[in-house]
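Try each one yourself before you read the solution.

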Amino acid sequence: MMITGITILALAFCMTDLRGMDKPDFEKLLPIVLTRYVPQGVVGFLLAGLLAAFMSNFAATINAAPAYIVNDIYKRFINPASPARTQVRMSRVASVGVLAVGFSSVCSPRESPV
């Protein structure tokens, strides 16, 4: 709902900025709306809310992915008779693996779409 509100503000007040761009860059709209049309104290709450949403999404992914990997792949196909201690160890390895894959996709150089 918070992003929906910011989007409505952007559509209501930033249409001239959008029309002025050759190719509309929607990544630039959030900073424009936050700096021009939202009071400073509210900007802090909005950014804290966006950061909290990111952190909860990130934590849920990092916690759920190893459970899927260990229960659905390792335990079912690789080692069905593994003890609980091994499953916990594999879950930790899977957590590090998910983090590594995520960071490598974020930190890799990207080609320009132009």
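**Exercise 1.** Work out whether Phe 13 is buried, exposed or partly exposed.

*Solution.* Start with the cut-offs: buried means under 20% relative accessible area, exposed over 50%, and partly exposed in between (1.4 Å probe, protein chains only). Phe 13 has 44% relative accessibility, so Phe 13 counts as partly exposed. Tyr 37, with a relative accessible area of 32%, is partly exposed as well.

A word on the source: this is a predicted model, where local features need pLDDT of at least 70, side-chain atom pairs count only at pLDDT 80 or more, and totals for chains, interfaces and linings use all residues. Residues are numbered from 1 along each chain as its sequence is written, and side-chain values use heavy atoms, leaving out hydrogens and water.

**Exercise 2.** Find how many aromatic pairs the whole structure has, and classify them.

*Solution.* First, the rule: rings of Phe, Tyr and Trp (its six-membered ring) pair if their centres lie within 6.5 Å; planes under 30 degrees apart count as stacked, over 60 as edge-to-face and the rest as tilted. A search finds 2 pairs. Next, the ring centres of Phe 13 and Tyr 37 are 4.9 Å apart with planes at 20 degrees, so this pair is stacked. For Phe 54 and Phe 58, the centres are 5.8 Å apart and the planes at 25 degrees, so that pair is stacked.
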